[in-house]
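The sequence and the structure come first, and the reading follows.

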Amino acid sequence: MSGFLSSSIARKVAMALSALFLIFFLIMHLSVNLTSLFSETLFNHLSHFMGTNPMVQFLLQPILIFGVVFHFVMGFVLELKNKKATAVKYAKDNGAANSTWTSRNMVYSGLVILAFIVLHFIDFWIPELNVKYVHGDMSGLLEGTQDFRYFEELQHKFVNPLRVLAYVVSFVLLGLHLSHGFQSAFQSMGFNNKYTKTVKAAGKIYSIIVPAGFILVAVFHFLNH
Amino acid sequence: MNLTLKIWRQKNADDKGQLVDYKVTDISEHMSFLEMMDVLNEQLINKGEEPVAFDHDCREGICGMCSMYINGEAHGPDRGITTCQLHMRSFKDGDTIHIEPFRATAFPVIKDLVVDRTSFDRIQQSGGYISVNTSGNTQDANATPISKIDADKAMDAATCIGCGACVATCKNSSAMLFVGAKVSQYALLPQGQVEATERVLSMVQQMDDEGFGNCTNTGACEVECPKGISLENIARMNREFLKASL
Ligand code: HEM
Ligand code: SF4
Ligand code: FES
């Protein structure tokens, strides 16, 4: 396998597969988040299920973490190789004449997403681990009450306008990353035929709707806490 | 028209090199870009200076030698042509034109605008052929039925002239459009099937060994390719590669 993964094309395909997995994951994540706009109860129940179900916690979550880490590590490995392949730069290079800004700056939009993921881990994931596995409180209840804590915690995160701003900016860059990345992943896997137009259209729609959905959730709770 | 040229001058592979300004006057808009370069070189020779070295051969868009990066684009601003097919009417009186060699770690500069593209030759030698018996008992090629669609696609892929514009223009110096075209032209034909597996594996291996970068699907190559080679060929190469590896 390591021999196979040393080839440029195999790496591209692995990159694309990890990306498609993340694209699928984002739909799941957004679906749960959107319920917080209209039903506190439903959001709480879904969050509790996601947070305590052993399948989710000990199978899907490790796969997800592996997927994210693999994606950005491979992204950097390829970027470094590409830097080596282009050691001398042009004095004048008109990239805008033949390609989109987003396609030429995937590593930068990716870096912003990476910074966001770190922030997101500090915001939600580390406190979750702390409550559940350090303090051993698997009840999902707000301390001293019989109510679930998830909705409460979600609202609390979006009080600070700076954090809301950071979320909004990150999701705009995620949108840009995906506006190139979605169709690029299909091309990398060797998929280019009469359905490619549809894939490109789906990519554009996805890269607008999904980040917009996450932004909506953040802004909604900022305005309604 | 009168023009200012900023041309990359570099004595040899070890020289650091730099952009040097030149003026040319009374350039006709009907001249080809290479004729304009000839005028400049004439001037330089008359002044006893070293003429600018640049590659060219057919001057009609078929040999792929005339590698120049003009105003930030491979083969200049026009589409579907090589530098020798570029005309001075694409420029205006008073313009400043940047002229640089094709840049890629796998295309080292030999002198001025001349780069070493033998890495392409080595990729081609590693698998870009079919082994046919030519010693008297050759089969009539027309005896093998081929669908019109495949024949056309193979022909389109085979129009690649190996100029290297795809590499030069790629932000990653990836050679995947070139290799994709070369793999595709055989992959689409029955004659190419026998060696299909080894072909794609060794050509991709050679491409990686030569130090070309990794495709990120910006699509710049397809836009700048003088022969309009399509990204479909890269996807086909990727499929062939997966088929051969898995
Ligand atoms: C952790 C931070 C991330 C970094 C550093 C990063 C970086 C990169 C890089 C360098 C590329 C290669 C450029 C290319 O092939 O065009 C790439 C491709 C891609 N990324 Fe990301 N990315 C990150 C997160 C994400 C996320 C969260 C998603 C989606 C949910 C995503 C989806 C994609 C897609 C679809 C591609 C195209 C894959 C291909 O062409 O084969 N990325 N990323
Ligand atoms: S694919 Fe196009 S740009 Fe690349 S070498 Fe062939 S003809 Fe030149
Ligand atoms: S000199 Fe032959 S293609 Fe330009």
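Predicted model: local features only at pLDDT ≥ 70, side-chain atom pairs only at ≥ 80, totals over all residues.

## Terms and model

A residue is called buried under 20% relative accessible area, exposed over 50%, and partly exposed in between, with a 1.4 Å probe applied to the protein chains only.

## The interface of chains A and B

The contact draws on 36 residues from chain A and 46 residues from chain B. Between the two chains an area of about 3200 Å² is buried, and carbon and sulfur atoms give 52% of that area. On the side of chain A, the residues that lose the most area to chain B are A:Ile9, A:Tyr90 and A:Asn98, which together account for 21% of what that side buries.

Across this interface the rule finds zero salt bridges, whereas it finds 25 residue pairs in polar contact, with both residues of each pair at pLDDT 80 or more. The elements of chain A that each supply at least two residues to the side touching chain B are α1 (8-35), α3 (54-85), α4 (101-104) and α7 (161-188); of the contributions to that side, the one from α3(A) is the most, with six residues. Divided by class, the side of chain A that touches chain B holds 13 nonpolar, 15 polar and eight charged residues.

## The surroundings of ligand 1

Ligand 1 lies between chains A and B. Of the 24 residues around ligand 1, those that come nearest are A:Lys12, A:His71, A:His177, A:Ser184 and A:Ser188. An N or O atom in the side chain of A:His71 is 2.7 Å from a nitrogen atom of the ligand, and a polar side-chain atom of A:Ser184 lies 2.3 Å from one of the ligand's oxygen atoms. From chain B, a backbone N or O atom of B:Thr216 lies 3.3 Å from an oxygen atom of ligand 1.

Two or more residues of the shell around ligand 1 come from each of α1, α3, α5 (106-134) and α7 of chain A, and α7(A) gives the most, with eight residues. By class, this shell is made up of 13 nonpolar residues, 10 polar residues and one charged residue.

## Salt bridges

Side chains of opposite charge can pair when their charged atoms come close. Over all chains, a search of the whole structure finds 18 salt bridges. One of them joins B:Glu50 to B:Lys111, with the closest N and O atoms 2.5 Å apart. Because B:Glu50 lies in the loop between α1 (33-46) and β3 (69-70) of chain B, while B:Lys111 lies in strand β6 (residues 109-111) of that chain, the pair ties together parts that are 61 residues apart in sequence. B:Glu50 counts as partly exposed at 47% relative accessibility, and B:Lys111 is partly exposed with a relative accessible area of 26%.

In the salt bridge between B:Glu73 and B:Arg79, the closest N and O atoms are 2.9 Å apart. B:Glu73 is buried, with a relative accessible area of 6%, whereas B:Arg79, with a relative accessible area of 38%, is partly exposed. B:Glu240 and B:Lys243 form a further salt bridge, at 3.2 Å from N to O, and both lie in helix α8 (residues 232-245) of chain B, three residues apart, or about one turn of the helix. Here B:Glu240 is buried at a relative accessible area of 11%, while B:Lys243 counts as exposed at 60% relative accessibility. In chain A, a network of salt bridges links A:Glu128, A:Lys132, A:Arg149 and A:Glu153.

Note on methods: Residues numbered from 1 in each chain as written. Chains lettered and ligands numbered in written order. Heavy atoms only, no water. Contact = heavy atoms within 4.5 Å. Buried area = accessible area lost by both parts, 1.4 Å probe. Salt bridge = Lys/Arg side-chain N within 4 Å of Asp/Glu carboxyl O. Polar contact = N/O pair within 3.5 Å; in protein donor to acceptor, adjacent residues only side chain to side chain. Helix = DSSP H or I, 4+ residues; strand = E, 2+ residues; numbered from the N terminus. Nonpolar A, V, L, I, M, F, W, Y, C, P; charged D, E, K, R; others polar. Near = heavy atom within 4 Å.
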